[in-house]
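Hi,

Here is the structure I promised to pass on.

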Amino acid sequence: MKVLLDENITQKSIPVLEKYGHDVIHVLNRFRAGESDEDVFQLALEEKRALITLNGKDFVILIPPSTELELHYGLIWLRGFQVTKKTYESVMDVIGLFLKNKGNSIKNTYYSVKKKDDSYEIIQRYPKLFIKS
């Protein structure tokens with residue numbers, strides 16, 4: 001899967017995701033620091049990459065249901081915790097395996113990653129999943 005890491009995700013995450021077979025680039029491979037969120041998102045669209053970010057609030061406004069955009073390649077928002085030098089590898093392992101299993105089915109979806117006990121949980125936020133009882 002093709003992945004774009006936002007500026008706020010350490011570049012040390014690249015080899016962690018690559019070991020799951022992902023084609024990963026970092027925003028700083030294409031832009032200088034401080035590039036606009038719109039330009040970062042446009043790069044993800046042009047290169048057909050899922051975007052991983054800590055700034056999800058800045059990107060969810062660019063995708064459905066907030067816009068009429070017909071196609072994007074997925075958004076993963078690391079939400080409610082800090083990714084540190086000690087935790088980035090375990091977080092990216094969870095995401096790397098998740099993306100390997102989901103593949104291109106994350107198109108037009110967005111997920112949040114939250115800390116859960118000693119690991120991380122990935123929750124689909126849009127479109128909402130409805131479970132029939």
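This is a predicted model: local features need pLDDT of at least 70, side-chain atom pairs count only at pLDDT 80 or more; totals for chains, interfaces and linings use all residues.

Residues are numbered from 1 along each chain as its sequence is written, and side-chain values use heavy atoms, with hydrogens and water left out.

Let's start with strand 4, residues 75-78 (strands are DSSP runs of E with at least two residues, helices runs of H or I with at least four, numbered from the N terminus). L75 and W77 point one way, I76 and L78 the other, and all are buried (under 20% relative accessible area, 1.4 Å probe, protein chains only). In a regular strand, side chains alternate between the two faces of the sheet.

Strand 4 runs parallel to strand 3 (residues 50-53), joined by 3 bridges, and L51 stands opposite L75. Strand 4 also runs parallel to strand 5 (residues 110-116), with 4 bridges; pairing takes at least two DSSP bridges. Here I76 stands opposite Y111.

Now the rings: F81 and Y120 have centres 5.2 Å apart and planes at 40°, so the pair is tilted (centres within 6.5 Å; under 30 degrees is stacked, over 60 edge-to-face, the rest tilted). F81 lies in the loop between strand 4 and helix 4, and Y120 in strand 6, 39 residues apart. Both are buried.

Best wishes

Notes
Buried means under 20% relative accessible area, exposed over 50%, partly exposed in between (1.4 Å probe, protein chains only). Rings of Phe, Tyr and Trp (its six-membered ring) pair if their centres lie within 6.5 Å; planes under 30 degrees apart count as stacked, over 60 as edge-to-face and the rest as tilted.
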